[in-house]
Amino acid sequence: MKPWEYDHSVHPIPWRADAFDETKNQGPLKIGVMRTDGVVPPSPACARALSTVASALSSAGHSVIDVHPPSPSRALVIASALLNADGCRTFLSYFRTGEWMDPGAGQMAFYASLPRPLRYIHYLFVKYVRRDSLWAELLSEFRERSAFEQWKLVSKREAYRAEWHAWWRDTAKVDVILAPPNATPAVPHDGMKDAVSSCGYTFLFNLLDYAAGVLPVTHVDSALDALPSDFNISALNGVARGAYKHYDATKMHGLPVGVQVVGQRLQEEKVLAVMETVENLLEAEGKKYELLEIE
């Protein structure tokens, strides 16, 4: 099948079996582990899933190192500004009378609709009263842009992509990166009203246009994944507070938790080969992911 013959947006690149096989057979892989995006620390369940995979790879002889890439929080700011550069007008234009809106999208639309002076006062409150510079920076960039301003954002995105490319080539020198796919497991219905901005672990690689896949690893365990007794949600930044508002290992017990395998641009075959390697290693250790039973 040649999908580019049916879809003009598809790259005319056939499945590269040699790239898949080379990754599977090259010997020890060099795996970078991004344990946090510096915005929302991964919940105990997500951190455990990541450690499980890293440990399985290390035990099998692969080189596993922690990596610290160019600021993921900067990516969140750039990507959020680009996503909402139209002031949410585009997605709002598709609604018909009586249709409801996702609560997360509703939060973005509400903030975009506020008069600019109100948004500025809120920004000042968050930055100087709440002393939350990260959340304040996100809020300050959340506004409708002119075409000229959007092109400046595109320039920032391309510079950030170039920085990541140079970092991967000259510093990290890894085959793939492992990261949480999200800071928490799935939140309850309507939970994205609070957690809408805590999407940095996947938003980052969307911005970079990197190849990525998510592999289920384990399930939330109410005993293993409870928050520590000294956990203080009020000490978190505004983005993280929204995510952790809904984290409850008891209520989430049994929910699936995965890891994200990330390669560079157009390296889908390499990513899938590493995902298969991880799956086989977990099965060999007796930790094969068990599908949820549906009654």
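Q: What do the buried residues of α8 pack against?
A: They pack against β1 (30-33), β2 (63-66), α3, β3 (176-179), α10 (200-208) and β5 (256-263). Contact means heavy atoms within 4.5 Å. This is a predicted model, where local features need pLDDT of at least 70, side-chain atom pairs count only at pLDDT 80 or more, and totals for chains, interfaces and linings use all residues. Residues are numbered from 1 along each chain as its sequence is written, and side-chain values use heavy atoms, with hydrogens and water left out.

Q: Which residues of α8 are called buried?
A: Leu153, Val154, Tyr160, Trp164, Trp167, Trp168 and Ala172. Buried means under 20% relative accessible area (exposed is over 50%, partly exposed in between; 1.4 Å probe, protein chains only).

Q: How does the reach of α8 compare with what is expected at 1.5 Å a residue?
A: Helix α8 (residues 147-172) has 26 residues and spans 36 Å from first C-alpha to last. The expected span is 1.5 Å times one less than the number of residues. Just after α8, Lys173 has a positive phi of about 50°.

Q: What makes α10 largely enclosed by the rest of the structure?
A: Seven of its nine residues are buried, so α10 is largely enclosed. The seven are Gly200, Tyr201, Phe203, Leu204, Phe205, Leu207 and Leu208. Their cover includes α3, α8 and β5.

Q: Why is α3 called roughly antiparallel to α8?
A: Their axes cross at roughly 150° and come within 10 Å. Angles over 145 degrees count as roughly antiparallel (under 35 roughly parallel, 65 to 115 roughly perpendicular, the rest oblique). So α3 is roughly antiparallel to α8. The contact residues divide into eight nonpolar, one polar and four charged.

Q: Why is α3 called roughly parallel to α7?
A: Helix α3 (residues 72-83) and helix α7 (residues 133-140) pack at about 20°, with axes 9 Å apart. That angle makes α3 roughly parallel to α7.

Q: Which residues of α3 and α7 meet?
A: Ser73, Leu76, Val77 and Ser80 in α3 meet Leu134, Glu137 and Leu138 in α7. They divide into four nonpolar, two polar and one charged. Here Ala, Val, Leu, Ile, Met, Phe, Trp, Tyr, Cys and Pro count as nonpolar, Asp, Glu, Lys and Arg as charged, and the others, Gly among them, as polar.

Definitions and conventions. Axes fitted to C-alpha atoms, helices over the stretch in contact; angles between N-to-C directions. Helix = DSSP H or I, 4+ residues; strand = E, 2+ residues; numbered from the N terminus.
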